[in-house]
Amino acid sequence: MSDMVTKKAIVKQVQGITLAARSDSNHWVIMDGPGTFGGSDAGPRPKELLLFALGGCTGSDVISILQKKRVPFEGFEIHLTGEVREEHPQVFTHIHVEYVFYGNGIDPSSVERAIEMSTTKYCAVSAMLKASVAITHSYRIEPSAVLGSDKGKVKQK
């Protein structure tokens, strides 16, 4: 039997539906809604934080794996798109994760393996979400000259 680790968080009302949250790492995050819903529009919506968490989790895995394999790249982005159903609860029904690598001479097979390792073994956020939402992935490799642009071929996985 493995040991369990307990994580704790606290969420406090700031004003209206503006909320501040803090967890064991002692960092605060503001969450909010639009003014039409009683918010101040001072922060991301809680559901947006799920996309941030998924991108941050898999992104840190992929970066770490590629660095350990000594795969050179000059930049990296993840573009996440979540489809939400119209009826309540308005849950994500599909999330697409596009990994974008910038650099010259990046080996596609190393990128594919890093993404596979993250999505099937290491990323806890992905593991939790995929039980209730379809998650798809794609990647593209762009030359250094287009760092930060949205041009390029998409490879579906």
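This is a predicted model: local features need pLDDT of at least 70, side-chain atom pairs count only at pLDDT 80 or more; totals for chains, interfaces and linings use all residues.
Let me start with helix α1, which covers residues 46-68, and which with its 23 residues reaches 33 Å from its first C-alpha to its last, close to the 33 Å expected at 1.5 Å a residue.

Staying with α1, the buried residues are L51, L54, G55, C57, T58, G59, D61, V62, I65 and L66. What covers them? The cover includes the strands β4 (75-84), β5 (92-102) and β6 (134-142), together with the helices α2 (108-122) and α3 (124-129). Just after α1 comes R70, whose phi is positive, at about 60 degrees.

Three strands make up an open sheet in the order β1-β2-β3, and their pairing is antiparallel. The edge strands are β1 (9-15) and β3 (28-31), each of which pairs on one side only, and the twist averages 25 degrees from one strand to the next.

Taking the pairings in turn, β1 and β2, the latter at residues 18-23, run antiparallel and are joined by six bridges. Within that pairing, Q13 has L19 of β2 as its bridge partner, while A9 stands opposite S23 in β2. The hairpin that β1 and β2 form has two residues between the strands, and in this hairpin G16 takes a positive phi near 55 degrees.

Four residues lie between β2 and β3 in their hairpin, and N26 in the turn has a positive phi of about 70 degrees.

Let me move to a single side chain, S144, which is placed in the loop between β6 and β7 (155-156). Is S144 buried or exposed? Its relative accessibility is 19%, and because the cut-off for buried is under 20%, S144 counts as buried. Leaving out residues up to four places away in sequence, S144 touches E74, G103 and N104. With two of these there are polar contacts between side chains: the one joining S144 and E74 is 2.9 Å, and the one between S144 and N104 is 3.4 Å.

Finally, the aromatic rings, of which the structure holds four pairs. One of them is formed by F73 and F101, an edge-to-face pair at 6.4 Å centre to centre, with 85 degrees between the planes. This pair links distant parts of the chain, since F73 lies in the loop between α1 and β4 and F101 in strand β5, 28 residues apart. As for accessibility, F73 counts as partly exposed, at 22% relative accessibility, whereas F101 is buried, with a relative accessible area of 1%.

F101 also forms a pair with F76, and this one is tilted, at 4.9 Å centre to centre and 35 degrees between the planes. Again distant parts of the chain are linked, with F76 in strand β4 and F101 in strand β5, 25 residues apart. Which residues do the ring pairs link into a cluster? They are F73, F76, Y99 and F101.

That is where I will stop, and I am glad to go back to any of these regions on the screen.

How values were computed. Residues are numbered from 1 along each chain as its sequence is written. Side-chain values use heavy atoms; hydrogens and water are left out. The expected span of a helix is 1.5 Å times one less than its number of residues. Buried means under 20% relative accessible area, exposed over 50%, partly exposed in between (1.4 Å probe, protein chains only). Contact means heavy atoms within 4.5 Å. Two strands pair if DSSP finds at least two bridges between them. Axes are lines fitted to C-alpha atoms, for helices over the stretch in contact, and angles run from 0 to 180 degrees between N-to-C directions. A polar contact is a pair of N or O atoms within 3.5 Å; within protein, one must be able to donate a hydrogen and the other to accept it, and residues adjacent in sequence count only if both atoms are side-chain atoms. Rings of Phe, Tyr and Trp (its six-membered ring) pair if their centres lie within 6.5 Å; planes under 30 degrees apart count as stacked, over 60 as edge-to-face and the rest as tilted.
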